Amino acid sequence: MNLPYFIARRVATSSQLSFSRLIIRIAITAIALSVTVMIVATALIAGFKSQISSKIFGFWGHIHITSTNVTRTFEAYPVNVRQDFYPLIDTIGGILYEDRAKLMGYEMNYSSQFQTKGGIKHIQVFAHKPGIIKTKKDIEGIILKGISTDFDWENLQDYLIEGRIIEFPDSSKSSDIIISDQTSKRLKLKVDDQFIIHFVEEGQQLRRRLKVCGIYKTGLEEYDKKFALVDIRQIQDVLGWSEDQVGGFEVFIDHIEDLDPINEYIYYEVIPNDLYSQTIKEKFGSIFEWLALQDINEMVILILITIVSIINMITALLILILERTNMIGVLKALGSTNWDIRKIFLYHAAYIIGLGVLIGNVIGIVLCVLQDRFEFIKLSEADYYLSVAPVELNLWTILLLNLGTLFFTLLFLILPSYLVTRISPVKAIRFK
C-alpha cells in the first residue's frame, strides 16, 4: 500500500473547513486560468500563422522557378515553357534528404536521412508585367500577373468575393481581368466594367482594353493593392514573347514542412543550370520574419504564465505544510521518513494541479471552439491581414502543455517541500 498517496488522497478530499481550503481554491483557479490562457494563446498564434501562410502560398505558390537573371523586382525575363519537368514534376512524391538531426529543437553534430511528408502537388506558369490603369476619373499603377489554363483556381476560389474566374478562349487571348477589392474601391470599378491599361515596353506606349470579370480579397493589403490576374497571353503579347515563353513556374507542395528540402531537390536535381528555384519565404522574407516573431511572443507568454502558476503553487504548498504541522509531527514520531512526508504534500499538489489543468482544458477548448464557430473576436484587417482572430487547436500541443505544466510545477515544488525536514516532531505535536 502506498501510504503517502493514501494520506494525500484523504487530506485532499477532506471536507473539513480550514484556511487552506481557500488557498487551494485560489491555486486551482490560478492553474485553470494559466492553462486556459496557454491553450487559447497557442491556438490563436497557430491559427494566425496558418491563415496568413495559406493566403500567401495560395496566391503565390510555395516555390518559384525562374530565370537566373530575375531579381527581387518584377522585371520580366522569358523562360521556355518546354522543360523536361513541366508538367510532370507534380508526379514527384516523397523524397529522401539529409539534414542535421534535432533533439528538443536543437541541432546535433551529426546528420541523418529523412523523408518528406509529401511531394509536389501542382505546377503552373506565370508572368508579370507592370502597367497603369486609367479610368475616366482615376489612374493607378498595377502589376499584372499572367496565368494560363493550368492555374489552380481552388486556391483563389475562397478569396473571390464577386464575379467569376477568367475564361481562356482557344482562338484568342482573353480580355478578362480579376482585380482586388482595394483596387475596385479606389478606382470605383465593378464587375463587367471596362478600362484601359497602359504599358511601356522598349520606349513605346502600349494600351489594352480589359474587362473586370471578378474581384478578389485576400486581406494582404500590401499585395492586394498591387496585383491583378489576367490571361498570360496578354503579357506575352505586350512583351513580344512567343507562346512558348513565360515568366516562370509556381510550384505547390503537399506539406509546408517540406519546403526547404523540396526546394533544394528541385534546384539540384530537377531544373537546368539556367533556371533558379526560390521559396516564397525567401522572396517575401519580411512577412515571414514577422510571422516568426510570433513564436517568440508565444514562448514569452508560456514562460510567464508557467512562472505565475509555480509561484501560486509554492504559496499553496507552504500554507498546506504549515497547517498540517501537527500531522507531520505525528507521522515523524511514528517513524515516517522526511521523503515519505514530502511525498504526501507533492501528491496533494499534483491533485490540485491536475484539477486546475482539467478545468483549464475545458474552458480553453470551449473558448476556442466558440471563437471558431461564432467569430466574436474581430481584428483590423489592415493591421493583421485577417478580419477575425483564427484558432487552430492541436491535440499534441494541448497534451504537451498539460504535461509541461504538471511536470515543471511539481519539479519546482520539490524544493519548498524541503520545509518538512525542518519541523521537529516534539515541537510539531505541541504546535497549536
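A: Let's begin with Pro87, which sits in the loop between strand E2 (79–80) and strand E3 (96–103). Keep in mind that this is a predicted model. In that model, the peptide bond joining Tyr86 and Pro87 is cis, with an omega of about 0°.

Lys188 has a positive phi, near 55°, although it is not a glycine. You will find Lys188 in the loop between H4 and E9. Is Lys188 buried or exposed? Lys188 is exposed because its relative accessible area of 62% is over the 50% cut-off.

Now step back into helix H4, which covers residues 181–187 and includes Asp181. Asp181 gives a contrast in accessibility: Asp181 counts as buried because its relative accessibility is 11%, and the cut-off for buried is under 20%. Which residues does Asp181 touch, leaving aside those up to four places away in sequence? They are Ile161, Ile215, Tyr216 and Lys217.

Glu375 belongs to the loop between H11 and H12, and at 36% relative accessibility Glu375 counts as partly exposed. Ile377 lies in the loop between helix H11 (338–374) and helix H12 (381–384), and Ile377 is partly exposed, with a relative accessible area of 36%. Ile377 also takes part in a nonpolar surface patch, along with Leu358, Ile359, Val362, Ile363, Val366, Leu367, Leu370, Phe374 and Phe376. Together, the residues of this patch have about 860 Å² of accessible area. Why might residues along a helix end up on one side? In an α-helix there are 3.6 residues a turn, so residues three or four places apart point the same way.

Arg373 is in helix H11 too, and with 67% relative accessibility Arg373 counts as exposed. Arg373 and Arg186 are 187 residues apart in sequence, while their C-alpha atoms are 33 Å apart in space.

Helix H6 itself (residues 232–239) is mostly covered, as six of its eight residues are buried. Those buried residues are Ile232, Gln234, Ile235, Gln236, Val238 and Leu239. What covers them includes strands E5 (120–134), E6 (139–147), E9 (194–201), E10 (204–216), E11 (227–231) and E12 (245–246).

The protein has 14 helices and 14 strands, and 46% of its 432 residues are buried. Its C-alpha trace spans about 100 × 50 × 30 Å along the principal axes. The radius of gyration is 31 Å, whereas a compact globule of 432 residues would have one near 22 Å. Among contacts between residues at least 6 apart in sequence, 76% join residues at least 24 apart. The protein exposes about 23400 Å², and carbon and sulfur atoms supply 56% of that area.

Technical notes. Residues numbered from 1 in each chain as written. Predicted model: local features only at pLDDT ≥ 70, side-chain atom pairs only at ≥ 80, totals over all residues. Heavy atoms only, no water. Patch = residues over 30% accessible without salt bridge, like charges linked within 9 Å, V, L, I, M, F, W, Y side chains within 5 Å. Areas by Shrake-Rupley, 256 points an atom, 1.4 Å probe, with all protein chains shown as cover. Salt bridge = Lys/Arg side-chain N within 4 Å of Asp/Glu carboxyl O. Helix = DSSP H or I, 4+ residues; strand = E, 2+ residues; numbered from the N terminus. Buried < 20%, exposed > 50% of the residue type's maximum accessible area, 1.4 Å probe, protein only. Rg over C-alpha atoms; globule rule 2.2 N^0.38 Å. Contact = heavy atoms within 4.5 Å.
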